[in-house]
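Work through the exercises below with the sequence and the 3D structure in view, and try each task before you read its solution.

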Amino acid sequence: MAAVQSVRHRALNRTAIALVLVVTVIYLIPIYWITTTAFKPRSLATTVPPTVLFKPEVTSFVKLFTKRVQMIGEVDPEIYKKAPWWEQRIYDLGERFIKDADGNIEPSGYLSRFMNSLIIAISSTFLAVAMGALTAYGFSRFRMPGEQDWLFFILSTRMLPPVVVAIPMFLMYRAVGLVDSHLGLIILYTAFNLSFSVWLMKGFIDEIPKEYEEAALVDGYTRMEAFFKIVLPQAATGIAATAVFCFITAWNEYAFALMMTNRRAQTAPPFIPSQLGSGVTDWTAIAAGTVLFLLPVAIFTFLLRKHLLRGVTFGAIRK
Amino acid sequence: MLSTLDPGSPAARRGLSDITIRNLFIIPTIAFLIVFNIFPLIYSLGYSFTDFRASSNAPASFVGLQNYRDLLNDEHVWNNFSVTAKYVLISVGGQVLVGFGVALLLNRKIPFKGFITTLLLLPMMMSMAIVGLFWQLLYSPSWGIIDYVLGLEDFAWLSNPDVALYAVAITDIWMWSPFVMLLCLAGLSAIPQHLYEAAAIDRASRWYTFTRITLPLVSPLLMIALIFRTMEAFKTFDLAFIMSNLDSTELIAIKLYRLAFQQWQTGPSCALAYMVLIMVLAITNIYVKYLNQAKER
């Protein structure tokens, strides 16, 4: 009987593992498809039936970062021969770069959007984590009248739908000239991430034994010194995980960026899809922009893998 | 805690007092959130009783509850709410089924389990807007791979009013099932093995074991996933906004955006925002209750 059971059990196990592999492959197809599209020649990006095997090329990335125009007539063979290989690929398409008077290639909008995304995500992450760590320590170590209510209040600000907050914020920003500014988005993203940062950091700080600080206090440290010299170093992993989560949230954010910016401070998420409507869609360049944008998130996901559960439950579930 | 040190001891008197430090650490955050979240909401509560239009210079005049009355009598708004309800049902239902199912499959010894789990979690970490963008490539009627794989010729997913909402929901399910899976996996792996052994000795059926052991023990975490996803699906803006612009995919958040930022009907949009806000706060309340329960276990 037991032997029969275990044979059945093993067969079931094998089926489950096979199913897991199938599910994983199906799950990764969309990501695989957008990634390979970025390396396809434009003519193969939208074929019927879809092209699976092709010779990868990086022309789409050159197109992503530059402004180009259609060329009238052929390129001068002398110029073609002198041009670097990536410029030759553009000539091959019958296009040329737009250059300024000094011969510098004009960059496309993507580069500045990417930089905006970086500046805004890094600044707001720094602010949210710094304030969040202090506040989490305050809630973790000291008694506060109505503590649960304050923590609920803090978390509830995170749950507000962006559109609901954006309507009055837009009017206020317009009054003080913060529409389409980096500072405006940094403030919004800091507010959005702050509640998350407080909850997650509180979970991490709760786990540091109080005895460490008490020993330090007995040794003559002040509370402040104990916090900066004992607690913060102990919480380093937690701070790093919180920072990465905040960065990803700010990096990915779309709704606020759509409503509060249009050009100067625009981030990548509203910019990349806006390329879809303009003229003839070049999916290889859009895919290239998407892949570059998703790459940091993919790397961070692997770095964070041990903390993902904690992160998505605001620090409530640790395991 | 404060009580651990005798207030009269030399250690407690050095430096700033604990109360000062506590206030110094907590008050800036609370003040920041009040200024940038609560104050704007008070501001918009005021506007919800006026006919203000942010696009004109005309001063706002007080109209009382007119905006709320108009919205509640507006068929279109009711339609937006019912589209949203349908979307929440389909996408959260799908996420729970797929997420829980995959968690059950994964809950055993599997080679490279950690790596596979992380791969499966990738979609949920991505930007909704960007996911919505590249799923358009997959859904394309003429050369998308979904039509090709399913053998449908030129089937339009996102411009067909009957299926567009399902198409968006499928993308949402792809993106967020891993979230449900992650929580269920945590719940499943915490179930003590001896319960299953005891059930096996009693010759309990698989179904009995599943409904009497597995389900009740996973349910606290499953509920957290369910409530959180319900709230997020209710608020969905990015995904549906990027993927489709039909009436049949106009979720309440999209309606709110159009009312506020395309038609510039600031007064009515503030009133609608308040209706949405109250619903979100109600769900948040339930969510936090479950979170705190899970924490205590």
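Two exercises follow, each with a worked solution, and both concern a predicted model.

**Exercise 1.** Determine how many residues of chain B are in contact with chain A, and which helix of chain B gives the largest share of that side.

*Solution.* Next, count the two sides of the contact, where 81 residues of chain B meet 83 residues of chain A. On the chain B side, the largest share is the 16 residues that come from helix 2 (residues 18–47) of chain B. Finally, sort the chain B side by class, which gives 62 nonpolar, 12 polar and 7 charged residues.

**Exercise 2.** Decide how helix 6 of chain A and helix 12 of chain A are oriented to each other.

*Solution.* Two packed helices are described by the angle between their axes and by the distance between those axes. Here the axes of helix 6 (residues 109–141) of chain A and helix 12 (residues 236–252) of chain A come within 8 Å and cross at roughly 140°. Angles over 145 degrees would count as roughly antiparallel, and 65 to 115 as roughly perpendicular; helix 6 of chain A and helix 12 of chain A are therefore oblique to each other. Their crossing is right-handed. The residues making the contact include A:Ser117, A:Ala121 and A:Gly132 of helix 6 of chain A, together with A:Ile239, A:Phe247 and A:Trp251 of helix 12 of chain A. By class, the residues of this contact divide into 11 nonpolar, 5 polar and no charged.

How values were computed:
Residues are numbered from 1 along each chain as its sequence is written. Chains are lettered from A and ligands numbered from 1 in the order in which they are written. This is a predicted model: local features need pLDDT of at least 70, side-chain atom pairs count only at pLDDT 80 or more; totals for chains, interfaces and linings use all residues. Two residues are in contact if their C-beta atoms, placed from the backbone, lie within 7 Å. Helices (H or I, at least four residues) and strands (E, at least two) are DSSP runs, numbered from the N terminus. Ala, Val, Leu, Ile, Met, Phe, Trp, Tyr, Cys and Pro count as nonpolar, Asp, Glu, Lys and Arg as charged, and the others, Gly among them, as polar. Axes are lines fitted to C-alpha atoms, for helices over the stretch in contact, and angles run from 0 to 180 degrees between N-to-C directions. Angles under 35 degrees count as roughly parallel, over 145 as roughly antiparallel, 65 to 115 as roughly perpendicular and the rest as oblique. A crossing is left-handed if the near helix is turned anticlockwise from the far one by less than a right angle, and right-handed if clockwise.
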